[in-house]
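Biologist: I am new to this one, and I would like a friendly tour. Could you bring it up so that we can go through it together?

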Amino acid sequence: LPYSTRILCFRLTNFDRNRTVHFLLEHFKAKHLPIPESLKQFKLPRQKVKISRDKILDNSFLLLKESGFTHNLLEFEYLGEEGSGLGPTLEYFSLIGQRVREIEGIWRPMDDNSLFPYPIEVITTKSGMNFMRLTSLFELIGSLIGKAIMDNRLIDLPLSVVFWDLVLGKNFTIWDLGRINPSLGEFFEEIMRMIEKKKMIQSSIDLEPEYKTRQIQSLKFKGCTLADMGLSFVLPGCDEIELKEGGKNCNVSIENLEEYASLMV
């Protein structure tokens, strides 16, 4: 189905009755179709919201707490300024998107400039946010995106495709690490190759046990032994995050390499 058909089906089947009628009327108008007499007087309920430009993020938290971004069509106006309606509303979604993108310590650098969050422990350290505030922030981000979809507004929050996959509950594997951090992905691709070589040696029926052990111990990571690399069970690049209890004091070896790889996801 073409995108226009899919988006219309989405809008007509995923919202409340008033919103469904609103999207149906918008479709009729766009296609220059006759509007049924019973719908000609229909108007989507609107709600005006006053916010401060200087406190747009805090005001958005308050709006979420008080009304949860109601099903009404929101129209924004700014404290101390005249005017409301479409212009200030479009500006609100633009400004709040920019404000969320600029929060320090939340988003890790991505090659495609998309948004993917740091691990929680890193965020709380870098941004100074406690866990409850962080949870509220991502709840706000989800509500803003949902409201933008509902009200047919644009919001500049280019979330990473990998982040969307996680939000949708898709399985995340070690092979997906390269989509977040190419260097990290390349590192673990080599780790997985070592694991495969180890399994091949272990499964061989032609080798003596002692020889298998020597062959496995001789496996190297791009010419280096794991002992030489000094790896421990911490998140690469984030030594404060242990992959398991006592991970800082647990060295990665050829014997526990599978456990190290599995704990990364």
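Predicted model: local features only at pLDDT ≥ 70, side-chain atom pairs only at ≥ 80, totals over all residues.

Biologist: Is Lys222 buried or exposed?

Modeller: A residue counts as exposed when its relative accessible area is over 50%. Lys222 has a relative accessible area of 53%. Because that value is over the cut-off, Lys222 is exposed.

Biologist: What is phi of Lys222 near?

Modeller: Most residues other than glycine have a negative phi. Lys222 is a residue other than glycine, yet its phi is positive. The value is near 50°.

Biologist: And what is phi of His32 near?

Modeller: His32 is found in the loop between H2 and strand S1 (46-51). At 73% relative accessibility, it counts as exposed. Its phi is positive too, in a residue other than glycine, and is near 55°.

Biologist: Which residues of H2 make the contact with H1?

Modeller: On the H1 side, the contact is made by Leu8, Arg11 and Leu12. By class, the residues of this contact divide into 4 nonpolar, 2 polar and 1 charged. On the H2 side, the residues are Thr20, Phe23, Leu24 and His27.

Biologist: How are H3 and H6 oriented to each other?

Modeller: The axes of H3 and helix H6 (residues 131-151) come within 10 Å and cross at roughly 80°. Angles from 65 to 115 degrees count as roughly perpendicular. Therefore H3 and H6 are roughly perpendicular to each other.

Biologist: How many charged residues does the contact of H3 with H6 have?

Modeller: From H3, the residues are Leu57, Asp58, Ser60, Phe61 and Leu64. They meet Arg133, Ser136, Leu137, Glu139, Leu140 and Ser143 in H6. Sorted by class, this contact has 5 nonpolar and 3 polar residues, and the number of charged ones is 3.

Biologist: Is Ser60 buried or exposed?

Modeller: Ser60 is found in helix H3 (residues 56-67). Leaving aside neighbours within four places in sequence, Ser60 is in contact with Phe69, Tyr92, Ile96 and Leu140. Its relative accessibility is 1%, so Ser60 counts as buried.

Biologist: Why does Lys147 count as buried?

Modeller: Lys147 lies in helix H6. Leaving aside neighbours within four places in sequence, its contacts include Arg19, Phe69, His71 and Phe93. Buried means under 20% relative accessible area, and Lys147 counts as buried because its relative accessibility is 2%.

Biologist: How many Å separate the C-alpha atoms of Lys147 and Leu73?

Modeller: Along the chain, Lys147 and Leu73 are 74 residues apart.

Biologist: How many Å separate the C-alpha atoms of Asn130 and Leu177?

Modeller: Asn130 has its place in the loop between helix H5 (120-127) and H6, and it is partly exposed, with a relative accessible area of 48%. Asn130 and Leu177 are 47 residues apart along the chain. Their C-alpha atoms are separated by 26 Å.

Biologist: One last thing: how many disulfides does the structure hold?

Modeller: A disulfide needs a pair of cysteine sulfur atoms within 2.5 Å. For Cys250, the nearest cysteine sulfur is that of Cys238, 18 Å away, and Cys250 is in no disulfide. For the structure, the number of disulfides is 0.

Note on methods:
Residues numbered from 1 in each chain as written. Heavy atoms only, no water. Contact = heavy atoms within 4.5 Å. Helix = DSSP H or I, 4+ residues; strand = E, 2+ residues; numbered from the N terminus. Nonpolar A, V, L, I, M, F, W, Y, C, P; charged D, E, K, R; others polar. Buried < 20%, exposed > 50% of the residue type's maximum accessible area, 1.4 Å probe, protein only. Axes fitted to C-alpha atoms, helices over the stretch in contact; angles between N-to-C directions. Parallel < 35°, antiparallel > 145°, perpendicular 65-115°, else oblique.
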